[in-house]
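This briefing walks through one protein chain, topic by topic. Keep the structure open beside the text and find each residue as it is named.

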Amino acid sequence: MYEVKLDPPAATAVGQAAVATVRLLPKGGYKVNLEYPIKLTVTGPAAATPARLELVGKDAARFDKTEAQFKPSVKLGAAGAHAFKATFKFSVCTDKQCELKSEELQWVAKVQ
């Protein structure tokens with residue numbers, strides 16, 4: 001039906017952007033539902049700016065029937081490993097039916 005791929009950010013320096021990539025890839029005759037209010041909500045540690053980030057369809061790096069791709073970006077004000085959580089809400093459809101989905105994601109950003 002679909003696959004969600006997460007690429008955590010590359011190691012970065014304090015004060016520089018840590019950018020993850022989240023991709024929704026429909027499979028088996030499914031397509032991204034472009035009418036659904038897709039949303040990626042990212043929550044990070046206090047050292048992250050912003051500590052909470054919401055991205056919707058207009059914020060996507062790519063948003064079409066074959067893929068929805070988001071690149072959440074935060075700056076981290078302290079060295080170390082910083083844990084992030086995200087909730088990804090979306091819909092995928094065939095010509096006959098639509099499925100509403102929610103995925104919980106986690107990654108670590110490393111800052112030197």
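Pro 37 counts as exposed, because its relative accessibility is 63% and the cut-off for exposed is over 50%. The model described here is predicted. Pro 37 has its place in the loop between β4 (31-32) and β5. In sequence Pro 37 and Lys 58 are 21 residues apart, and in space their C-alpha atoms are 9.9 Å apart.

**The chain as a whole**

- The protein chain has zero helices and 12 strands.
- Read along the sequence, its pattern is β-β-β-β-β-β-β-β-β-β-β-β.
- Taken along the principal axes, the C-alpha atoms fill a box of roughly 50 × 20 × 20 Å.
- The protein chain has 112 residues, of which 37% count as buried.
- Among contacts between residues at least 6 apart in sequence, 65% join residues at least 24 apart.

**The β11 and β12 hairpin**

- Strands β11 and β12 pair in the antiparallel sense, over 14 bridges.
- A hairpin of four residues joins β11 to β12.
- Thr 87 stands opposite Glu 104, which is in β12.
- In a regular strand, side chains alternate between the two faces of the sheet.

**The disulfide**

- How many disulfides are counted in the structure? The count comes to one.
- The disulfide joins Cys 93 to Cys 98, with an S to S distance of 2.0 Å.
- A disulfide is a covalent bond between the sulfur atoms of two cysteines.
- The link of Cys 93 and Cys 98 is right-handed, with 110 degrees about the S-S bond.
- Cys 93 is buried, because its relative accessible area is 12% and the cut-off for buried is under 20%.
- Cys 98 counts as partly exposed, at 47% relative accessibility.

**Aromatic pairs**

- The structure holds four aromatic pairs.
- One of them is stacked: Phe 84 and Trp 107 lie 5.8 Å apart, centre to centre, with 10 degrees between the planes.
- This pair links distant parts of the chain, since Phe 84 is in strand β11 (residues 80-93) and Trp 107 is in strand β12 (residues 98-111), 23 residues apart.
- Are Phe 84 and Trp 107 buried or exposed? Both Phe 84 and Trp 107 are buried.
- Phe 88 and Phe 90 form a tilted aromatic pair, 4.9 Å centre to centre and with 45 degrees between the planes.
- Phe 88 is buried, with a relative accessible area of 0%.
- Phe 90 also counts as buried, at 0% relative accessibility.
- Tyr 2, Phe 70, Phe 88 and Phe 90 form one aromatic cluster.

**The largest nonpolar core**

- The largest nonpolar core has 26 residues, and those touching the most other members are Leu 24, Leu 40, Phe 70, Leu 76, Phe 84 and Phe 88.
- Elements that give two or more residues to this core are β3 (21-26), β5 (39-43), β7 (52-56), β9 (67-70), β10 (73-76), β11 and β12.
- Which element gives the most to this core? β11 does, with five residues.
- Not counting residues up to four places away in sequence, Phe 84 touches a set of residues including Val 42, Pro 45, Ala 48, Leu 76, Leu 105 and Trp 107.

**A sheet of three strands**

- Strands in the order β2-β10-β6 form an open sheet with antiparallel pairing.
- Strands β2 and β6 (48-49) stand at the edges; each has a single partner strand, so one side of each is left without a neighbour in the sheet.
- Strands β6 and β10 run antiparallel and are joined by two bridges.
- Ala 48 stands opposite Leu 76, which is in β10.

**Thr 12 in a loop**

- Thr 12 is in the loop between β1 (2-7) and β2 (17-19).
- Thr 12 counts as buried, because its relative accessibility is 9% and the cut-off is under 20%.
- The side chains of Thr 12 and Gln 16 are joined by a polar contact of 3.4 Å.
- Leaving aside residues up to four places away in sequence, Thr 12 touches Ala 17, Ala 18, Lys 110, Val 111 and Gln 112.

Notes. Residues are numbered from 1 along each chain as its sequence is written. This is a predicted model: local features need pLDDT of at least 70, side-chain atom pairs count only at pLDDT 80 or more; totals for chains, interfaces and linings use all residues. Side-chain values use heavy atoms; hydrogens and water are left out. Buried means under 20% relative accessible area, exposed over 50%, partly exposed in between (1.4 Å probe, protein chains only). A polar contact is a pair of N or O atoms within 3.5 Å; within protein, one must be able to donate a hydrogen and the other to accept it, and residues adjacent in sequence count only if both atoms are side-chain atoms. Contact means heavy atoms within 4.5 Å. Rings of Phe, Tyr and Trp (its six-membered ring) pair if their centres lie within 6.5 Å; planes under 30 degrees apart count as stacked, over 60 as edge-to-face and the rest as tilted. A nonpolar core is a set of buried Ala, Val, Leu, Ile, Met, Phe, Trp, Tyr and Cys residues joined through side-chain atoms within 4.5 Å. Two strands pair if DSSP finds at least two bridges between them. A disulfide is a pair of cysteine sulfur atoms within 2.5 Å.
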